[in-house]
Amino acid sequence: MNIPEIKKSFFRELGKAHDAVDIENVRVAYTGRNGKLTAILRSLGIMPLEERKKTGPSAQALRKEMEEALKEKTNALAGSGGRPASNVDLTAPGKKFSRGHLHPLTIALRDVRRIFSSMNFSVIDGPEIESEYYNFDALNVASNHPARDMWDTFWIKQPEPEEKDPRKHLLLRTHTSPVQARFMREHTPPFQIIVPGRVFRYEATDAGHEINFNQIEGLVVGKNANLANFKFILEDFFRKFFKGKKIEFRYRPSYFPFTEPSVEVDIKLAGGKWLEVMGAGMVHPRVFEYAGYNPRDWQGFAFGMGLDRLTMIKYGIPDIRFFYSGDLRFIKQF
Ligand code: DAH
């Protein structure tokens, strides 16, 4: 390249430079140690005198011109909001000032609701102060049945004389299952619902037990709802909840008064051990009868899982009591 060509290409490239790095690259390419103009300046010494007299001054003049243009461009970028020579990027998006965040149980609950809603489930509520009838009788747990011992119960103090009617005898619900009975009384299948909610147990607390925790109940009733449907929905739910992590499932026979047959579901995440995550089964015909359905007309499945437990598994939380401790050292980790 001769000098006019070098000049032309230098200004073309400098014109395209958008930041300090681009400018530096142009500088190196033309006036750096192996730069295009530098090569000509270096060769002046071996040029015939006549040529040197012609080339020398114009090469020197171009060098000066280039240096000035480089300086000018650098200043122009710094002044016009372009990326300046320092590495502070004024065009980067601002940082949001954090005003706190949701509790991990709330985050997990929102995930659960979103996933089931996407499968066309409705999200239903029920009362935390419940009658003995809905908490037990309507779920096929007779008052003299030893299965009642599966749920250590906080009873609401009885008026005098003692109330014998289970519909008036109150307690803090020990599970979300009573909402199955309440919902069925007022709706005709087919339907699919989940019932997230707070439940209470009269128990000693430890790393795995609290007197107050959260469950997610599920109920699907229709003409054909079956355990194969249950397996599909459940496994789809868990894969989404654990964001596509590899999960193995295990189904064990179990007993609940309100389902027949009943199963217990275990999951295993990569590298972990088997963890019990829910009880489930086909809705017991007696439960349909209590709801006013003819069990020959309908069939369905139900399930119940602990939201606290799911959240503990998801985030690796070792003790359920952290959720309710109000300890900022815990809360701030989410
Ligand atoms: N209510 C049960 C409990 O708290 C959990 C459960 C088991 C719910 C089986 C269900 C079910 O709906 O079908 O221990």
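**Close-up views of a predicted model**

**View 1. The largest pocket has a volume of about 810 Å³.** The model is predicted. The lining of this pocket is made up of 33 residues, and R201, F213, Q215, E276 and G306 lie nearest its centre. At least two lining residues come from each of β5 (212–222), β7 (259–269), β8 (275–283), β9 (299–306) and α10 (307–315). Sorted by class, the lining holds 14 nonpolar, eleven polar and eight charged residues.

**View 2. K314 and D111 form a salt bridge between their side chains (3.2 Å, N to O).** This pair joins distant parts of the chain, with K314 in helix α10 and D111 in helix α5 (residues 104–118), 203 residues apart. K314 and D111 are both buried. In total, the structure has 14 salt bridges.

**View 3. The side chains of E132 and R148 form a salt bridge (2.6 Å, N to O).** Helix α6 (residues 132–135) holds E132, while R148 sits in the loop between α6 and β3 (170–172), so the pair ties together parts that are 16 residues apart in sequence. Both E132 and R148 are buried.

**View 4. R250 and D266 meet through their side chains in a salt bridge (3.0 Å, N to O).** R250 belongs to strand β6 (residues 247–256) and D266 to strand β7, so this pair ties together parts that are 16 residues apart in sequence. R250 is partly exposed, at a relative accessible area of 33%, whereas D266 is buried, at 2%. A network of salt bridges links R250, R252, D266 and E276. E276 is also one of the residues that lie nearest the centre of the largest pocket.

Note on methods. Residues numbered from 1 in each chain as written. Predicted model: local features only at pLDDT ≥ 70, side-chain atom pairs only at ≥ 80, totals over all residues. Heavy atoms only, no water. 1 Å grid on protein atoms, 1.4 Å probe; cavity = no way out; pocket = protein on both sides within 12 Å on 5 of 7 lines; lining within 4 Å. Points joined across faces, edges and corners; volume = space filled by probe spheres on them. Helix = DSSP H or I, 4+ residues; strand = E, 2+ residues; numbered from the N terminus. Nonpolar A, V, L, I, M, F, W, Y, C, P; charged D, E, K, R; others polar. Salt bridge = Lys/Arg side-chain N within 4 Å of Asp/Glu carboxyl O. Buried < 20%, exposed > 50% of the residue type's maximum accessible area, 1.4 Å probe, protein only.
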